[in-house]
Amino acid sequence: MSTPPPNPYTQPQYPQQQYPQYPQQGYAPQPQYQQPYPGQGGPAYGWGAPPPPPPQKNQGPKIALITLACIAGVFALSWFGNNVVGGGGSGGSSSSGSFPVAEYQLTLPQTLLDGKYKLTGDLSEKGQDGLAGTSEANMRDAKAVVAQYTSQSETGALVISGGYGRIKDPDEARTKILKGAGESDGSTIAVPAKDFTPAGSEVTISCQVLTTEQTGGGTTTLPMCAWADGNTNAAVALTNARIAKQTPEEVDLKAVAEATLKVREETRKPIN
């Protein structure tokens, strides 16, 4: 006697343990469903893990640069008035001199360094608010200039923080604007200020390197240079993804000084 064929209706088409364990939501499981139900792991379904999400681009350098630019901008808002405008009398050969005539101002062009950096934020109004009630021992008729510029070509950030008016002691103003930056919360002067006189210029540019604490731990390298004359005084923080990862001693301060002199030429304009 031949054996009858097996009844196809007595065997499930899929092993029972391979069906997903859905919460009681009032609907039947759908075999074409490929993603794990919220709160459940894909491998528990028996269908294998879902494909991993596409990798995200490394945003670390970009976020770090934005943070650096914000820190540099806060520098001017928090200490420019007390450390620069209210200075005078203790340093520089002109401390006993008179206040000069206002002939130059600082402007904020749409681009800096021959178009490489574009203006992305103007905080001058907030900086001006920070000058309210400060002493005029070293600077009179002060107007704050604070702005952030960014470069897409090299993931870079440039921040100019300072002001213009009538400065009695430029040497002291240049020294104090850098000293104040190093005393800001989360910042440490890693390389003390050095003076540079770029070729073809008689302007003294003082430069230092700071390390700044980053959210989540670690520090970032931030070079900063400053100039001061009878009318204008500003610090320039210039960084990019490469500089941010350097040790403070590796930073080419001479190059940053030359860039700062160029920023001075592009922002310092006669008062009409």
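Trainee: Is Thr232 buried or exposed in this model?

Mentor: Buried means under 20% relative accessible area. This is a predicted model. Thr232 has 0% relative accessibility, so Thr232 counts as buried. Thr232 sits in strand β9, residues 232–240.

Trainee: Which residues does Thr232 touch, beyond those up to four places away in sequence?

Mentor: Tyr104, Gln105, Leu106, Gly163, Tyr164, Ile167, Trp227 and Arg268. With Trp227 there is also a polar contact, side chain to side chain, at 3.0 Å. Now take a pair set apart in sequence. Ala102 is 130 residues away along the chain, yet the two C-alpha atoms, of Thr232 and Ala102, are separated by 9.4 Å.

Trainee: Which residues have the most contacts inside the largest nonpolar core?

Mentor: General idea: in soluble globular proteins, nonpolar side chains tend to be buried together. Here the largest core has 29 residues, and Leu158, Ile160 and Trp227 have the most contacts inside it. Elements giving two or more residues to this core include β4, β5, β9 and α5. Helix α5 gives the most, with six residues. Leu158 is in contact with Leu112, Tyr149, Val236 and Val263, among others. Apart from this core lies another, of ten residues, including Ile177, Leu178, Leu210 and Leu222.

Trainee: Which residues are buried in α3?

Mentor: Pro170, Glu172, Ala173, Arg174, Ile177, Leu178, Gly180, Ala181 and Gly182. Of these, Ile177 and Leu178 belong to the ten-residue core.

Notes: Residues are numbered from 1 along each chain as its sequence is written. This is a predicted model: local features need pLDDT of at least 70, side-chain atom pairs count only at pLDDT 80 or more; totals for chains, interfaces and linings use all residues. Side-chain values use heavy atoms; hydrogens and water are left out. Helices (H or I, at least four residues) and strands (E, at least two) are DSSP runs, numbered from the N terminus. Buried means under 20% relative accessible area, exposed over 50%, partly exposed in between (1.4 Å probe, protein chains only). Contact means heavy atoms within 4.5 Å. A polar contact is a pair of N or O atoms within 3.5 Å; within protein, one must be able to donate a hydrogen and the other to accept it, and residues adjacent in sequence count only if both atoms are side-chain atoms. A nonpolar core is a set of buried Ala, Val, Leu, Ile, Met, Phe, Trp, Tyr and Cys residues joined through side-chain atoms within 4.5 Å.
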